[in-house]
Amino acid sequence: MSVLFYKRPDHIEKLDGPLDSSSCQKYSERAACSRAAIPESLSFDNVINGKTLPPMSLPDFMDYLVYISYDAENLQFYLWHQEYTKKFNALPEAVKCLSPKWEANMQAPSLGRVAAGRIPQREAFSLDTKELGTFYNDATDDSPTSATSFAHSPHTFTKDQELVISGMSSKDEPDWEAFSIQPLRDDIRRIVANYIEPGSDRELNLSHRDRHNIMQRLQHTTHPSAFAPIVEIISMTLRNQSHPNFIRWSMCNGNRPRVIALRGIAICVILVTTTVGVILAVSRAARWYRILCLPFLWFGIANIVASYKGLCILLYRRNTRESRPWELDGSDTTLLEQGRAHSSLPPTPPYTRTPTPSVPSVKTYDRDFSSSSFFDDRLSTLGPSNKNFREEQWYRRWTHRPWWRKLRIKKLKVQEEGLRLMQEKIVKQADWWATIVAIPLIIVLVALPEGNFF
């Protein structure tokens with residue numbers, strides 16, 4: 001009986017305002033009832049660690065966050081921090097000592113530690129000692145050595161930057177010379193410019209307080225623990241809001257036009273079947289002919305129940321799903337050309353991806369483009385804004401494509417067995433409800449006396 005009342009993971013709406021501990025707590029409470037609906041094979045950790053197959057893989061998760069949820073910067077930063085932690089832990093102990101773990105009331109590292117012999121001088125100063133200066137500008141010979149000189153620099157600062165500057169008291173003057181020898185300082189500067197700084201390409205949705213807190217931490221150490229507050233917030237958001245929504249969305253094997261068309265067909269089948277049954281009931285035809293309405297009524301009810309949850313039973317039986325708009329490649333050119341005759345879209349060459357700057361990638365994956373979309377800049381640490389996808393050719397083609405052409409697109413195989421099991425529950429639920437509703441209705445229809453009107 002549990003199949004009859006099976007529920008997909010609930011859709012968890014985004015909360016207004018920046019991410020903080022209170023919003024994460026609300027996400028956790030709302031996701032509590034959804035955890036039981038997600039199998040262990042599709043857990044957040046399995047998706048992140050590459051233990052799932054398309055359409056539930058990490059690149060598919062990233063695609064969802066970029067094109068549907070519009071908050072891919074959370075996952076991009078989370079992946080970067082994982083790799084950064086591994087990179088930092090792989091450093092020699094003498095180098096890691098220059099960036100101790102963050103602690104409350106932590107003071108700036110001092111070069112006196114080298115003179116005191118606590119850090120071998122040869123190893124300490126074998127690093128790149130190029131001055132960092134500030135997080136936003138290349139250092140010069142007159143790099144600021146206090147909050148006062150920092151504030152009087154000729155550069156223009158945003159509100160959040162001024163908040164950070166004002167929070168640097170004279171007693172906590174940063175030791176810029178000490179900071180310059182800390183390992184991975186250049187990596188920190190790039191991440192701040194891309195994720196922490198207000199107005200950056202992939203700015204995280206942080207509060208002023210959290211942004212200020214992180215900036216103060218990063219002024220003292222490059223240890224991964226400096227990011228602990230925002231990593232915890234982002235991790236909870238990904239686990240309790242983004243991941244359940246991704247599972248729910250992935251269970252739909254058809255696009256919206258297909259689901260709407262399927263519902264319309266199912267409703268028409270039910271109406272026609274009901275009309276035929278009523279006609280047979282008021283006619284002189286034998287009442288046993290009315291039983292022929294059962295398979296059609298069952299078909300209509302089953303498809304309405306399944307389509308209500310975004311599932312096409314036919315595609316499920318074939319173990320396939322429809323391609324996402326961003327997954328369409330040159331093999332779909334013929335259909336695009338047919339649809340172009342009914343639109344104002346000018347002729348364009350086969351699918352090409354807008355080139356993006358070459359940036360260091362967090363991870364690399366060997367994937368078949370036909371199985372799922374995969375763009376290097378989506379899983380890279382740095383790169384263009386995630387909102388730039390509207391400039392890609394697939395978006396322009398898809399938005400100009402007539403809705404009836406969207407019903408005829410490339411089908412892809414569902415490789416993840418965990419997703420198949422979840423879809424199977426929905427199909428069984430639709431079959432059971434169709435049986436429970438259709439059989440009593442047909443029994444009542446057969447039991448009606450003959451009308452003998454014609």
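These questions and answers walk through a predicted model.

Visitor: How many helices and strands are in the chain?
Guide: The model is predicted. Of the 454 residues in the chain, buried residues make up 50%. The chain has 19 helices and two strands.

Visitor: Among contacts with a separation of 6 or more, what share comes from residues 24 or more positions apart?
Guide: Take the contacts in the chain with a separation of 6 or more. Residues 24 or more positions apart account for a share of 79%.

Visitor: Is α3 largely enclosed by the rest of the structure or exposed, and how many of its residues are buried?
Guide: The buried residues of α3 include Leu58, Phe61, Asp63 and Ser69. They pack against α2, α4, α13 and α18 (393-400). Helix α3 is therefore largely enclosed by the rest of the structure, and its buried residues number 11 of 12.

Visitor: What is phi of Asn319?
Guide: Asn319 sits in the loop between α16 (313-317) and β1 (320-322). It is a residue other than glycine, yet its phi is positive, near 60°.

Visitor: Where is Pro55, and what is omega of the peptide bond that joins Pro54 and Pro55?
Guide: Most peptide bonds are trans. Pro55 lies in the loop between α2 and α3. The bond joining Pro54 and Pro55 is cis, with omega about 5°.

Visitor: How many Å does α4 reach from its first C-alpha to its last?
Guide: Helix α4 covers residues 72-89, which is 18 residues. At 1.5 Å a residue, 26 Å is expected. The reach is close to that, at 26 Å.

Visitor: Which elements do the buried residues of α4 pack against?
Guide: The buried residues of α4 include Ala72, Leu75, Phe77, Trp80 and Phe88. The buried residues pack against α2 (44-48), α3 (58-69), α5 (93-96), α11 (185-196) and α13 (228-250).

Visitor: Is α4 roughly parallel or roughly antiparallel to α11?
Guide: Two packed helices are described by the angle between their axes and the distance between the axes. The axes of α4 and α11 come within 12 Å and cross at roughly 170°. Angles over 145 degrees count as roughly antiparallel. So α4 is, relative to α11, roughly antiparallel.

Visitor: Which residues of α11 make the contact with α4?
Guide: From α4 come Glu73, Gln76, Phe77, Trp80, Tyr84 and Lys87. The residues of the contact divide into six nonpolar, one polar and three charged. On the α11 side they are Asp187, Ile188, Ile191 and Tyr195.

Visitor: How are α12 and α13 oriented to each other?
Guide: Helix α12 spans residues 208-218. The axes of α12 and α13 come within 9 Å and cross at roughly 135°. The two helices are therefore oblique.

Visitor: How many nonpolar, polar and charged residues has the contact of α12 with α13?
Guide: Helix α12 brings Asp210, Asn213, Ile214 and Arg217. Helix α13 brings Pro229, Ile230 and Ile233. By class, the contact has four nonpolar, one polar and two charged residues.

Visitor: Is Pro244 buried or exposed?
Guide: Pro244 lies in helix α13. It touches Pro9, Ile12, Ala31, Ile38, Leu238 and Arg239, not counting residues up to four places away in sequence. Its relative accessibility is 3%, so Pro244 counts as buried.

Visitor: How many Å apart in space are Pro244 and Arg8?
Guide: In sequence, Pro244 and Arg8 are 236 residues apart. In space, C-alpha to C-alpha, they are apart by 9.3 Å.

Visitor: Which residue has its backbone oxygen 2.9 Å from a polar atom of the side chain of Gln429?
Guide: Gln429 is in helix α19 (residues 417-447). Gln429 is buried, with a relative accessible area of 4%. Gln429 touches Val3, Leu4, Phe5, Tyr6 and Lys309, not counting residues up to four places away in sequence. The backbone oxygen at 2.9 Å belongs to Tyr6.

Definitions and conventions:
Residues are numbered from 1 along each chain as its sequence is written. This is a predicted model: local features need pLDDT of at least 70, side-chain atom pairs count only at pLDDT 80 or more; totals for chains, interfaces and linings use all residues. Side-chain values use heavy atoms; hydrogens and water are left out. Helices (H or I, at least four residues) and strands (E, at least two) are DSSP runs, numbered from the N terminus. The expected span of a helix is 1.5 Å times one less than its number of residues. Buried means under 20% relative accessible area, exposed over 50%, partly exposed in between (1.4 Å probe, protein chains only). Contact means heavy atoms within 4.5 Å. Axes are lines fitted to C-alpha atoms, for helices over the stretch in contact, and angles run from 0 to 180 degrees between N-to-C directions. Angles under 35 degrees count as roughly parallel, over 145 as roughly antiparallel, 65 to 115 as roughly perpendicular and the rest as oblique. Ala, Val, Leu, Ile, Met, Phe, Trp, Tyr, Cys and Pro count as nonpolar, Asp, Glu, Lys and Arg as charged, and the others, Gly among them, as polar. A polar contact is a pair of N or O atoms within 3.5 Å; within protein, one must be able to donate a hydrogen and the other to accept it, and residues adjacent in sequence count only if both atoms are side-chain atoms.
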